[in-house]
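Here are a few friendly notes to read with the model open beside you. Take them one at a time and find each spot as you go.

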Amino acid sequence: MDKQLIRNAYKIYWLENGKAPVSVYSLCKQLDISESAFYEHYASLEAIEKDIWLAVFEDTLTQLRDDETYQQYSAQEKLLAFYFLWVQKLKDDRSYFLQQKEQFRLPDLYRNKLETFKRAFYAYVRELIREGYTSNEIKERKYISDQYVHGFWVQALFVLKYWLNDTSANFEMTDAAIEKAVNLSFQLIKSNTLDSLLDFGKFIFTRK
């Protein structure tokens, strides 16, 4: 018994019953294991849900980092590659994630489930931002730079929600949305576009 087997059993329960297991006992009964064996890996059913999201992210990043071509990419290209592969990984369990779709209407609930994935994503994006500073892809700005990572998290949620609602063949519209979103974000933090917007905002504010 390992974490992956427990995660798979949890997803199967969701798919076959249309809801989460009512208790650890009911999931353990499906797995034919004792509750004590379950608690060696997870403290609760909620912990499994968090780990499902994190596992997809970690699988994506592991595959990318093993790719020598990816290592040569710019920060922008790396983020594009991440999103494209991440969505491919999510597709393996699309039926399960679609059942979680309704929870995205309850911000506090989905934020809690994505908590560990969010922390890992933030760490990854901070690496990309540092690379972007070095390559001059990203402009470091006083007071603003610390907010970049939050913007990329909003972008990740946009990609996720767009994909969940996408009905195009082979999710071609999601691929297009990813490309446009990443290109726009890097234009804003690289070029003078954001600086111009900030200067304009300061002008308007000081004129009041």
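1. Start where helix H6 meets helix H11: Ala75, Gln76, Leu79, Leu80, Tyr83, Phe84 and Val87 in H6 touch Thr174, Asp175, Ile178, Glu179, Val182, Asn183 and Phe186 in H11. Contact here means heavy atoms within 4.5 Å, and helices are DSSP runs (H or I, at least four residues) numbered from the N terminus. This is a predicted model, where local features need pLDDT of at least 70, side-chain atom pairs count only at pLDDT 80 or more, and totals for chains, interfaces and linings use all residues. Residues are numbered from 1 along each chain as its sequence is written, and side-chain values use heavy atoms, leaving out hydrogens and water.

2. How do these two helices run? The axes of H6 (residues 75-91) and H11 (residues 172-190) come within 10 Å and cross at roughly 155°. Axes are lines fitted to C-alpha atoms, for helices over the stretch in contact, with angles from 0 to 180 degrees between N-to-C directions. H6 and H11 are therefore roughly antiparallel, a label for angles over 145 degrees.

3. Now look for rings: the whole structure has 22 aromatic pairs. Rings of Phe, Tyr and Trp (its six-membered ring) pair if their centres lie within 6.5 Å; planes under 30 degrees apart are stacked, over 60 edge-to-face, and the rest tilted. Phenylalanine 38 and tyrosine 42 make a tilted pair, 6.3 Å centre to centre with 40° between the planes.

4. One aromatic cluster includes Tyr83, which is also among the H6 residues that meet H11. Other members of this cluster include Phe57, Trp86 and Trp153.

Definitions and conventions. Parallel < 35°, antiparallel > 145°, perpendicular 65-115°, else oblique.
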